[in-house]
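Trainee: I have a structure to read and I want to do it feature by feature. Where do we begin?
Mentor: Look at it first, then ask.

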Amino acid sequence: MRGGGRSGAAMRRAAPLVLVLMMVWGGMVVVAASRAGASTPEVQSLRGKWRLWNGNGSVVLGGEVPGCVHTALQRQGLIQDPYYRFNDVMYRWISLDNWTYSRTFNTPFDIRKWQKVNLVFEGVDTVAQIRMNNITLGRTDNMFIRYSFDISSLIREVNVVEVHFLSAISYAAEQSRCHKGYSIPPACPPPVQQGECHVNFIRKEQCSFSWDWGPSFPTQGIWKDVRIEAYSHYHLIYFSSTPFFEKSAQQWSLEIKAIFHVVSSKPIAGLVTVSIPKLQTQQTFGVKLQPGEGSIVLLVNINKSATVEAWWPNGHGKQTGYNMTTTFSMEAGYQIEKFSKIWQDFMFACALYPTDQSYLESVRAEVSHQVRRLKSHPSIILWSGNNENEAAIASNWFSIPAADKEVYIKDYIMLYVENIREVVLNEDQSRPFVASSPTNGLETVREGWVSQNPYDTHYGDTHFYDYQSDCWSWTVYPKTRFASEYGFQSWPSFSTIEKVSSTEDWSYTSNFSLHRQHHEHGNDQMLQQIGHHFKLPQGTDPMKKFRDMIYLTQVMQAQCMKTETEFYRLSQSEIIRGEGHTMGALYWQLNDIWQAPSWASLEYGGKWKLLHYFAQNFFAPLLPVAYEDKGVLYIYAISDLHGDHTLTLRVVVHTWSSLEPVCTLAKEGVTVRAQSAVPIYKESINDLLERCRNCTRESCVITFCLVGEGELQSPVNHHFLSSLKDAVGLEETQLSASVSQQDDIYEFVLQTTGIAPFVSLDVGSIKGRFSDNGFLMTEKKKVVVFYPWEPTSVEDLEKSLTLTSLLDIV
């Protein structure tokens, strides 16, 4: 298929089908209208109730589509919550069985009037034989592919569809056995993960066989929509729009790509008109759709006299959208109506993968489908072929003998460069592609796609984890171009753990706690990191001790991540010995998939850990950051704002024993340039301590903020001069809170009789979030707002509230 220039009189004589595609940059809506006499395509969703049974028919039940076997069994009361205690291991039998989904349906339209009827599965998990009316339509072996089967000659008034699944565990093991030439590591996950083997031999969500932050549930099911589509002449499969800015011409253009399936045996000609009224742009193209599946690519030049507002990430500008109407006027056709609405990794991680022909074909289809599906999203800035697989080869994670290394490098290039990269660049020329993360970018390419050190801070991006070194020391962290993955673990709150455990589990060293930790030595590493700066609980009450340990892991995680992220942010405007200009920090990870210790800042169910509250501040667009170097205190002003500002730096020093400051400083006229990190304050620690009534490192703490005109103000930041376990003057304080309702939100007025570090408010299982949490309270009174996610009351909040500070840990 091709797109041509403007059409002549012959095209205008065509009987017009009008297919209207309305595009909002950053979001797309596709609608249609048909020519007179043409039939609108018909779609019947097969979502809803299906039947399913296991391999020998001993378990038969109803289930929902989309859904999976585990959710069906749980809803029917045949199993408990799979996340309860040790059920992830107890229910392994479910994934080892072979399950069948079945649905009987009536066809609601006249089959005879359609040239093509398809049965479409948007997502099948994963290995299955698809049958309809006792005829095999085909097989699936890739969770990330859209499957379409021609049922034009099979469909009747009453039909039976069956999806016969094969255990993903069994399939992966068989595929591994069939790979005779050499092993593809890793064969199995570490024993601590309690997972399944050979996940790299199946195109299924890799973490479903277990990961260091998740359980092993390699389930079976129909996880996306399934439907019947009936149409004649042609059918739109994908539609995307990608904007480009040509610097030399100072002009915006828009690439439109439409992929059609043409049923007709002859080409179908017509016109395509693209109209963007707000940008005073309209262009018409002559097109010809060839039989079979193919694409039309149109390049629309935006009127130069129009002002285009770019789509900006949150906090950097508007997410401006433009309504675009694309009209296909064709010789023949039908009406169709379709509605559709950040770095995108493909689903390859922490493993090596096979490159036999059938595997590569499946991967190419997967990548093509996913790029077509996702490329209209403006928030995707980069395609990445895999996560950490270049590093796995370069650092020899899997103990591959040196003599065999070239075999695996060849496979790596075959998969990610010669296949995935080729497909991505063919489907989307608007974004860069990197084969892996971390990577050295062009330097990796020069070294033959597998560099000697993918973690080199002079190039590309880096991942960084260090659980032994003191996380409060900025010297630990790499001064990298882009810190694309880093993190520390913590436990989720007690209210989250309580739902999936029993009383004998509520100990940091219980069998449950050990079972739930899928990162080897993870619980001990958290204790070690806590021990650098905090006292561990020594009380005799086991319940309080467990709660206190949970609290300390969250405090540790939040403070460690604060220190590391602030270091990356203050490094953005300087180069030191070739390192620096850190222009990105992306921490691991956002959310949990079960109730267990992990690197997440959001717990299972959405509750915010202290880290997520800290992230509000350490990613604030305006932020002062302090660090020490050789006995000198430096404060940097970090600004992601789009304009320069003249601000005042306020520095306050407290002794731990008093809410009254011992000294304050207001430095006015501080110029902070847009999108930069600049030093604004420097003083030796000894001079500061002497100036502030002979403070000592152990007896004092520093807080500081930036203030500008109007409401421009940074969060209040803090800098500890010593470990808090060594702090002098920290005394037990009385913390209290009163709760009141203000419209749909609730105000918590906190009062303290002394300085309280890491004040945490917790309302148990009541869903919602606070405006601030985990803060250093240096004033007698503080107001915190609670935003509920479900109906609640002052009485419920008061009853559920737990106030904790570091002083409560004994």
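Trainee: Are Cys 471 and Cys 560 buried or exposed?
Mentor: Keep in mind that this is a predicted model. Both Cys 471 and Cys 560 are buried.

Trainee: What joins Cys 471 to Cys 560?
Mentor: A disulfide, with the sulfurs 2.0 Å apart. The angle about the S-S bond is -65°, and the link of Cys 471 and Cys 560 is left-handed. This pair links distant parts of the chain, 89 residues apart. Cys 471 sits in the loop between β29 (462-464) and β30, while Cys 560 belongs to helix α13 (residues 542-570).

Trainee: How many disulfides does a search of the whole structure find?
Mentor: Four. Count the bonded cysteines along the chain and the pattern reads 1-2, 3-4, 5-6, 7-8.

Trainee: Which cysteine is joined to Cys 663?
Mentor: Cys 692, by a disulfide with an S to S distance of 1.8 Å. With 65° about the S-S bond, the link of Cys 663 and Cys 692 is right-handed. Cys 663 is in strand β36 (residues 661-672) and Cys 692 in the loop between α15 (685-691) and β38, so the pair ties together parts 29 residues apart in sequence. Cys 663 is buried at 12% relative accessible area. Cys 692 is buried at 0%.

Trainee: How does the link of Cys 188 and Cys 197 read?
Mentor: The link is right-handed, with 100° about the S-S bond. Its S to S distance is 2.0 Å. Cys 188 counts as partly exposed at 37% relative accessibility. Cys 197 is partly exposed too, with a relative accessible area of 24%.

Trainee: Why is Cys 178 too far from the closest cysteine sulfur for a bond?
Mentor: The cut-off for a disulfide is 2.5 Å between sulfurs. The sulfur of Cys 178 is 16 Å from the closest cysteine sulfur, in Cys 197, so a bond is ruled out. Cys 350 is a further case: its sulfur lies 11 Å from the closest one, in Cys 207, too far for a bond. Cys 178 is partly exposed at 47% relative accessible area, and Cys 350 is partly exposed at 22%.

Trainee: On to rings. What describes a pair of aromatic rings?
Mentor: The distance of the centres and the angle of the planes. Here the count comes to 47 aromatic pairs. In one of them, the rings of Tyr 101 and Phe 165 have centres 5.8 Å apart and planes at 75°, so the pair is edge-to-face. Tyr 101 lies in strand β8 (residues 100-106) and Phe 165 in strand β14 (residues 158-165), so the pair ties together parts 64 residues apart in sequence. Both Tyr 101 and Phe 165 are buried.

Trainee: Why is the pair of Trp 491 and Tyr 508 tilted?
Mentor: Their planes are at 55°, with the centres 6.3 Å apart, so the pair is tilted. Edge-to-face needs over 60 degrees. Trp 491 is in the loop between β30 (483-486) and α10 (494-498), and Tyr 508 in the loop between α10 and α11 (511-516), 17 residues apart. Trp 491 counts as buried at 0% relative accessibility, and Tyr 508 counts as buried at 9%.

Trainee: Where does the charged end of Arg 203 sit?
Mentor: Over the ring of Phe 348, 3.8 Å from its centre. In another such case, the charged end of Lys 782 sits over the ring of Phe 775, 4.7 Å from the centre.

Trainee: Now a strand. How do side chains alternate in a regular strand?
Mentor: They alternate between the two faces of the sheet. In β38, Cys 700, Ile 702, Phe 704 and Leu 706 point one way. Val 701, Thr 703, Cys 705 and Val 707 point the other way. Eight of the eight residues of β38 (residues 700-707) are buried, so the strand is largely enclosed by the rest of the structure.

Trainee: Which strand pairs with β38 over eight bridges?
Mentor: Strand β35 (residues 645-655), in the antiparallel sense. Val 651 stands opposite Phe 704 in β38. Strand β39 (residues 717-720) also pairs with β38 in the antiparallel sense, over four bridges. There, His 718 in β39 is the bridge partner of Thr 703.

Technical notes:
Residues numbered from 1 in each chain as written. Predicted model: local features only at pLDDT ≥ 70, side-chain atom pairs only at ≥ 80, totals over all residues. Heavy atoms only, no water. Phe/Tyr/Trp six-rings, centres within 6.5 Å; stacked < 30°, edge-to-face > 60°. Helix = DSSP H or I, 4+ residues; strand = E, 2+ residues; numbered from the N terminus. Buried < 20%, exposed > 50% of the residue type's maximum accessible area, 1.4 Å probe, protein only. Lys NZ or Arg CZ within 6 Å of the ring centre and 35° of its normal. Pairing = 2+ DSSP bridges.
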